[in-house]
Amino acid sequence: MLTFQDVFKSNFLENVTGVSLLDMAVALALAFGLGMFIFLVYKKTFTGVMYSSSFGVTLIALTMITTLVILAVTSNVVLSLGMVGALSIVRFRTAIKEPLDIAFLFWSIAAGIVLAAGLIPLAVAGSVCIGAVLLVFVNKKSHMDPYILVLRCDGSGSAQAAQNLLEGQVRRCALKCKTVQPGEVELNLEVRLKREDTSFVNALGELEGVRSAVLVSYNGDYMG
């Protein structure tokens, strides 16, 4: 008859001491610290429409979970093969709304892997460098971002006058769409500001023949 001890006659009980409690505590504490750093960088560099605090918490949890998995894998070769097979069937269905979120996900996973591998200086120094790069390049001045300007004019003459005024007020202007209807011309232009000053929109709205001028922030990549 199979007893409880027979079930655990394999190397299961021996693997309990494969990773010491001190190693686990240090690795998870460092993973939590790096996860918090990644979360703070994500919070500072977020440029989307709706900020999701759950995604920031996910970055912390992902760093710690990855560290936990790699600690288990490095302590047992057989377990590592089984882990590869188990993770190969996992499918994530959550859509990534912002392209930059993918970088943060891979950053959390990479930090957890490097930490669990024992390369603590590499994990800390690499995370600091990545965070500095993101803070510098993502938090650039807002007037460098593209904007969409929607102009509704009475005719082609007033539309041309509005474009002439606009070209002298912005750093760059590109026509994206032009809609012509009886008695109305609508222009959709992508503009980049010279400075953080949008008073030119008021000037456009006061032009004769211009019915409305709407400036909308746009985080697209029409222009490199």
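At what angle do helix 6 and helix 7 pack, and how far apart are their axes? Helix 6 and helix 7 (residues 120–138) pack at an angle of about 165°, and their axes are 9 Å apart. Axes here are lines fitted to C-alpha atoms, for helices over the stretch in contact, with angles from 0 to 180 degrees between N-to-C directions. Helix 6 and helix 7 are therefore roughly antiparallel to each other, a term for angles over 145 degrees.

This is a predicted model, in which local features need pLDDT of at least 70, side-chain atom pairs count only at pLDDT 80 or more, and totals for chains, interfaces and linings use all residues. Residues are numbered from 1 along each chain as its sequence is written, and side-chain values use heavy atoms, with hydrogens and water left out. Helices (H or I, at least four residues) and strands (E, at least two) are DSSP runs, numbered from the N terminus.

The crossing of helix 6 and helix 7 is left-handed, meaning that the near helix is turned anticlockwise from the far one by less than a right angle; clockwise is right-handed. In contact terms (heavy atoms within 4.5 Å), helix 6 contributes residues including Leu100, Phe104 and Trp107, which meet residues of helix 7 including Ile120, Ile130 and Leu134. The residues of this contact divide into 12 nonpolar, 2 polar and no charged. Ala, Val, Leu, Ile, Met, Phe, Trp, Tyr, Cys and Pro count as nonpolar, Asp, Glu, Lys and Arg as charged, and the others, Gly among them, as polar.

Helix 6 (residues 99–116) also packs with helix 3 (residues 21–45), at an angle of about 165° and with the axes 10 Å apart. That makes helix 3 roughly antiparallel to helix 6. Here the crossing is right-handed. Among the residues making the contact are Leu34, Phe37 and Ile38 of helix 3 and Asp101, Phe104 and Trp107 of helix 6.

Phe104 and Trp107 lie 3 residues apart in helix 6, about one turn of the helix.

Strand 1 (residues 146–153) is joined to strand 3 (residues 184–193) by 8 bridges, and tyrosine 147 stands opposite valine 191 in strand 3.

Methods:
Pairing = 2+ DSSP bridges. Parallel < 35°, antiparallel > 145°, perpendicular 65-115°, else oblique.
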